[in-house]
Amino acid sequence: MSETLIKVVNLKKYFPIRGIFFTKARVKAVDGVTFDIRRGETLGLVGESGCGKTTTGRLILRLLKPTAGHVYFEGKDVFKLKGEELKKFRKSAQIILQDPYTSLNPRMTVFEIINEALEVHKMKISDKEEFIVNWLRKVGLEKHHLYRYPHEFSGGQRQRIAIVRALVINPKFVILDEPTSALDVSVQAQILNMLKDFQREMSLTYLFISHDLGIVKYMSTRIAVMYLGKIVELAPADELFEKPQHPYSQMLLASIPIPDPEYALKKPKVRVYGEPPSPINPPPGCRFHPRCEHVMEICSKEEPPFIEVERDHYVACWLYAKR
Ligand code: SF4
């Protein structure tokens, strides 16, 4: 089995909703997630909007302070890093965001944007212009793009610049937070293939966050399914698609549109009730129980344990756990 690069242990993030004098309530965005990311793999993180995927990514990078829990990067607790060790972590772990237009400074040229990353991380490069042009060529841009501003590029080109800015400092781990959802389909494929090529060449490890299951399957080695701040299933990508075990994963997969109407009619139907509940006051026990067609008495009383049902395939559901 591959070596663990990142270990997330019982991670929680509650956002306070403040009243005039007191904290009125807390949004439980991430509520006790535990998983690991293996060196060289792509772990897909899927779930509906608001399930806590992006918050989990930001916690791993220490862009948010956790309410509880730990993140270990190469065995070191990320939340305890200081000084040089923290700088080293910042260089090793990068993020590529959904909207490259808002993540690139509109007042800086491409050269300034990429050079800033080199300066911040004190990379010693003899000819920076040549170095940056070489990187731009790797993503299909040219020397004449060097002194242009972000607004002069298309969405796909801006995402290529964001990719260079993240990779130019030679990280080990990159969070891809919906990196193609703002792009046209044809451009999406180019960017995804480019990210796969860089992963091979640079031995990168990815956390791929998306709500698009087709893209997640294409990119991921394993997939974790999140529902209302918790991970409910974690399995190798092919296995999750062939044999989803958690009723919520089955619902998600059943919602993928099928372009063949005959096959779509034959496909087993998964019945789901209602909307996702509020993360301010999540249901007790299994959080999916108000919507689950297999709900049992225990489901609304006790939280199901996260257990291995087959090799490397974990599920949190009372249908599989011993009671
Ligand atoms: Fe459904 Fe119960 Fe499993 Fe939750 S624990 S998914 S309610 S069967």
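**Surface patch and salt bridges**

Ile20, Phe21 and Phe22 form a nonpolar surface patch, with about 490 Å² of accessible area together. Patches take residues with over 30% relative accessible area and no salt bridge, joining nonpolar side chains (Val, Leu, Ile, Met, Phe, Trp, Tyr) within 5 Å and like charges within 9 Å. Areas come from the Shrake-Rupley method with a 1.4 Å probe; for residues, only the protein chains shown count as cover. The model is predicted: local features need pLDDT of at least 70, side-chain atom pairs count only at pLDDT 80 or more, and totals for chains, interfaces and linings use all residues. Residues are numbered from 1 along each chain as its sequence is written, and side-chain values use heavy atoms, leaving out hydrogens and water.

Phe21 sits in the loop between β1 (4-18) and β2 (23-38). Helices (H or I, at least four residues) and strands (E, at least two) are DSSP runs, numbered from the N terminus. Phe21 counts as exposed because its relative accessibility is 72% (buried is under 20%, exposed over 50%, partly exposed in between; 1.4 Å probe, protein chains only).

The structure holds 17 salt bridges (a side-chain nitrogen of Lys or Arg within 4 Å of a carboxyl oxygen of Asp or Glu). One joins Arg39 to Glu3, with the closest N and O atoms 3.1 Å apart. Arg39 lies in the loop between β2 and β3 (42-46) and Glu3 in the segment before β1, so the pair ties together parts 36 residues apart in sequence.

Glu84 and Lys87 also meet in a salt bridge (3.5 Å, N to O). Both lie in helix α2 (residues 83-92), 3 residues apart, about one turn of the helix.
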